[in-house]
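This report describes selected features of a single protein model.

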Amino acid sequence: MQEVLTAADAADTPRARVARLVMSTRFQRTVIGLILLNAVTLGLETSDAVMASWGGALHAIDAALLWTFTAELGLRIYAFRGRFFRDPWGIFDLVVVGIAWMPATGPLSVLRALRVLRVLRLVSVVPSMRNVVEAMLAALPGMGSIVLLMVLIFYVFAVMGAKLFGEDLPEQFGDLGSSLFTLFQLMAMDDFGNIVRQAMEKQPLAWLFFIPFSVVATFVVLNLFIGVIVESIQTLREERVSADAAVAQAASDAAASAAHADQVTLLQEIRALRAEVAALRSERAGG
């Protein structure tokens with residue numbers, strides 16, 4: 001989580017020292033290392049052989065890491081107070097760690113599998129990954145038209161597929177639902193050759209249906225999604241560069257203004273000194 005240190009944070013107070021600690025590069029790298037260690041231990045817990053030999057040690061490490069992550073969140077909440085809860089990434093970290101503290105016994109045993117969500121904290125800790133996720137979320141509104149276009153394409157081709165191949169391939173195109181599912185398989189290139197060959201055995205010109213659909217759905221529409229996301233990433237990057245440039249310009253203007261004020265003050269003092277020297281000379285001449 002990127003926090004901006006205010007003047008209060010910059011002061012030499014216990015809260016300011018904690019804020020500087022959690023924002024330090026060494027602290028952030030330590031957190032990343034612990035998250036990666038936790039990912040390794042959670043992966044090892046899926047092996048029965050490893051758990052038979054090292055199960056106790058892995059559970060102890062997992063518990064220690066959970067306490068460490070909780071303490072780290074406590075430090076961040078203490079350092080940034082209300083600003084922590086206004087940051088979506090702070091809330092994300094709080095929820096992920098909080099889930100690990102929920103009892104995982106009885107009907108809630110499924111929550112034990114959710115401990116692996118702690119690995120997702122890498123997204124909130126690593127700035128480059130956080131930027132990609134923010135860009136993807138910012139691109140969601142622009143994807144609405146593409147989603148509607150894809151729904152329309154799927155519906156049209158699904159109805160056509162059910163009419164053309166419903167009798168010959170009832171499992172794949174027997175009704176609208178199965179036809180939609182088969183088209184989704186084709187878009188993902190899952191068993192594409194087998195389905196097309198089965199259709200062409202019944203109707204040799206079936207490729208005239210499948211190839212246009214694959215070109216439109218797989219190469220055109222999906223590339224539109226990629227284009228929107230790439231544009232969002234570029235826009236976000238340009239906004240941040242502009243913001244950094246604005247901050248740098250503001251700092252430069254402030255420095256120039258301060259220098260100008262110092263020059264004006266210096267000129268005023270020089271003029272005052274000249275006036276005093278002239279007064280002393282006139283007094284001495286009169287005497």
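D191 is partly exposed, with a relative accessible area of 37%. Its place is in the loop between α11 and α12. Although D191 is not a glycine, its phi is positive, at about 60 degrees. The model that shows these features is a predicted one.

A positive phi is also found at R81, again a residue other than glycine, where the value is near 50 degrees. R81 belongs to the loop between α4 and α5. With a relative accessibility of 42%, R81 counts as partly exposed.

**A network of salt bridges**

Side chains of opposite charge can pair when their charged atoms come close. In the whole structure, a search finds 4 salt bridges. Which residues are linked in a network of salt bridges? The members of this network are E72, R76, D93 and R121.

| Pair | Closest N and O atoms |
|---|---|
| E72 and R76 | 3.0 Å |
| E72 and R121 | 2.8 Å |
| R76 and D93 | 3.1 Å |

An α-helix has 3.6 residues a turn, so residues three or four places apart point the same way.

The other two pairs join separate helices. E72 forms a salt bridge with R121. Because E72 lies in α4 and R121 in helix α7 (residues 121-125), this pair ties together parts that are 49 residues apart in sequence. R76 forms a salt bridge with D93. Since R76 lies in α4 and D93 in helix α6 (residues 88-101), the pair ties together parts that are 17 residues apart in sequence.

Are the residues of these pairs buried or exposed? E72 is buried, with a relative accessible area of 7%, and R76 is buried, with a value of 5%. D93 is buried as well, at 0%. R121 is likewise buried.

**The contact of α9 with α11**

Helix α9 (residues 144-165) and helix α11 (residues 176-187) have axes that come within 9 Å and cross at roughly 115 degrees. The crossing in which α9 passes α11 is right-handed. On the side of α9, the contact is made by M150, F154, Y155, F157, A158, V159, G161 and A162. On the side of α11, L176, S179, L180, L183, F184 and M187 take part. What is the division of these residues into nonpolar, polar and charged? The contact holds 12 nonpolar and 2 polar residues, and no charged ones.

Another residue of helix α11 is S178. S178 counts as buried, because its relative accessibility is 18% and the limit for a buried residue is under 20%. Apart from its neighbours within four places in sequence, S178 is in contact with P170, E171, Q172 and F173.

Which residues of helix α12 (residues 192-202) are buried? They are I195, V196 and A199. These residues cover an arc of only 95 degrees around the axis, which puts them on the same side of α12. The face turned away from this buried side carries the exposed residues R197 and E201.

Helix α12 also contains Q198. Q198 counts as partly exposed, with a relative accessibility of 27%. When residues up to four places away in sequence are not counted, Q198 touches L169 and Q172. Q198 and L169 are 29 residues apart in sequence, while their C-alpha atoms are 7.9 Å apart in space.

T41 is found in helix α3, which covers residues 25-44. T41 counts as buried, at 3% relative accessibility. Leaving out residues up to four places away in sequence, T41 touches L58, I61 and L65.

**Summary**

In this predicted model, E72, R76, D93 and R121 are linked in a network of salt bridges. The contact of α9 with α11 includes no charged residues. In α12, I195, V196 and A199 are buried, whereas R197 and E201 are exposed on the face turned away from the buried side.

How values were computed: Residues numbered from 1 in each chain as written. Predicted model: local features only at pLDDT ≥ 70, side-chain atom pairs only at ≥ 80, totals over all residues. Heavy atoms only, no water. Buried < 20%, exposed > 50% of the residue type's maximum accessible area, 1.4 Å probe, protein only. Helix = DSSP H or I, 4+ residues; strand = E, 2+ residues; numbered from the N terminus. Arc of directions from axis to C-beta. Salt bridge = Lys/Arg side-chain N within 4 Å of Asp/Glu carboxyl O. Axes fitted to C-alpha atoms, helices over the stretch in contact; angles between N-to-C directions. Left-handed = near helix turned anticlockwise from the far one by under 90°. Contact = heavy atoms within 4.5 Å. Nonpolar A, V, L, I, M, F, W, Y, C, P; charged D, E, K, R; others polar.
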